[in-house]
Amino acid sequence: MSEAGLTSPFPEPEAPKPTVRSRATLLKRLADVVCLPSSRINAFERSMTADLLVEMLRDANVVEREKVARRLATLSEAPGVLARLLLRDELPVARALLMEAERLSDSDLISCVNFAGMEHRRLIAHRRGVSEVVADALIERAEPPVIEVLLRNDLVKLSHQGVENIVAITRDAQHLIPLLLRRPELRPSHAYVMFWWSDAEARRTILQRFAVSREILQDAVGDVFSMASAEGWQDPLSRKALQFIERRQRNRAAIDKSPYQSLDEAVAAAEAGITRELAEEISYLSGVKPMTGAKIFTDLGGEPLAILCKATGLPRPCVRQLWRGLRRQEVDRAGVTDAGLERVLTVYDTVAVDRAQTVLRYWNWSLTSALTPALLKAIREGDEAAVDEYSAPQRAAMLALSRDFDR
């Protein structure tokens, strides 16, 4: 339009569009300048060139952006603004950097984790030497395909919190359990909680690897028991720790209050049918809390029954008595011992008493030592965001019991 508001009879000529060759050449030259060694370009010149390159790349096509990404993948340290732009780009563009660039900052990778797609995150999980903070960011997305790649990467570093978060994820992604069991970062505290939703093979691995002896602890603190006894067991912290370490499993004090003369007699009575009251009585006599006993008796696999019997010194037939009391199948149609019962009996035969006690006591400690009103509320509401407020046994209880509270 002219100043008088009339249409000009001679339209202004359009600016000539750059040819494919000139644009491609310019992008390549700018990328070459960014990649110059520090001896030939200073930080400000590199930054200025990177800014110009970013502006061009915003309107460039995928092929052009991919070429620039491949060029920058050889750079020891790409400018942050350029790296973040390309890492969050479409997969063909980002792949060049994620797979070939050896040095990308944790900040740039976390930006990619937060703003790109799942395939980008899988490529990050494949990278060599993924740091703990980047791994934590990947794990927080709770994507099993990404976590699977992360667990298969032997060069990744997993934090304690990261492992704990993966343990929680395995409840709904049980195919991750065998991979997690291979990781050196996995601790008994993680494995004993994960036991409750693991299959038979994973449970066998957990018992073989983490059912450790407490002999060293017992030798180290043997004289402390007499000290604590002389003080009347007045310190609750030391009392709890010593209860975990001591050799005796059965609760002798509970016998005086029990209608049964011994744990063996209570188990014999349970053969006719385990009631809630009888389950609680067996729990008390076994030196565990009713919450732990409930978890053991309601477990579908049955292996915890073997752990309970072995840890408390009950003979092998007691496993069958409890199995029968729970109304579980003992023989199949061919009259052969049921596979489930046979598996449980095998656990009883292969685990040592001291190691069974370690497992049982850890369950009791982790499932009952911190069931505060706040924790129960968190379990019911699924408030995993508050998990940092709790101690290790509290977090274990949250993971193991959340399903029991209809989460």
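**A short tour**

Guide: Let's start with Arg65, which is found in helix H3 (residues 62–72). Keep in mind that this is a predicted model.

Visitor: Is Arg65 buried or exposed?
Guide: The relative accessibility of Arg65 is 10%. Buried means under 20%, so Arg65 counts as buried.

Visitor: Which side chain does Arg65 join in a polar contact of 3.4 Å?
Guide: Leaving aside neighbours within four places in sequence, Arg65 is in contact with several residues, including Leu57, Asp89 and Glu90. The polar contact of 3.4 Å joins the side chain of Arg65 to that of Glu90.

Visitor: How are H6 and H8 oriented to each other?
Guide: The axes of helix H6 (residues 106–115) and helix H8 (residues 132–140) come within 10 Å and cross at roughly 5°. Angles under 35 degrees count as roughly parallel. H6 and H8 are therefore roughly parallel to each other.

Visitor: How many disulfides does a search of the whole structure find?
Guide: Take Cys309: the nearest cysteine sulfur, that of Cys318, is 5.7 Å away. A disulfide needs the sulfur atoms within 2.5 Å, so Cys309 is in no disulfide. For the whole structure, the search finds zero.

Visitor: Is Cys318 buried or exposed?
Guide: Cys309 is buried at 0% relative accessibility. Cys318 has a relative accessible area of 5%, so Cys318 is buried.

Note on methods: Residues are numbered from 1 along each chain as its sequence is written. This is a predicted model: local features need pLDDT of at least 70, side-chain atom pairs count only at pLDDT 80 or more; totals for chains, interfaces and linings use all residues. Side-chain values use heavy atoms; hydrogens and water are left out. Axes are lines fitted to C-alpha atoms, for helices over the stretch in contact, and angles run from 0 to 180 degrees between N-to-C directions. Helices (H or I, at least four residues) and strands (E, at least two) are DSSP runs, numbered from the N terminus. Angles under 35 degrees count as roughly parallel, over 145 as roughly antiparallel, 65 to 115 as roughly perpendicular and the rest as oblique. Buried means under 20% relative accessible area, exposed over 50%, partly exposed in between (1.4 Å probe, protein chains only). A polar contact is a pair of N or O atoms within 3.5 Å; within protein, one must be able to donate a hydrogen and the other to accept it, and residues adjacent in sequence count only if both atoms are side-chain atoms. Contact means heavy atoms within 4.5 Å.
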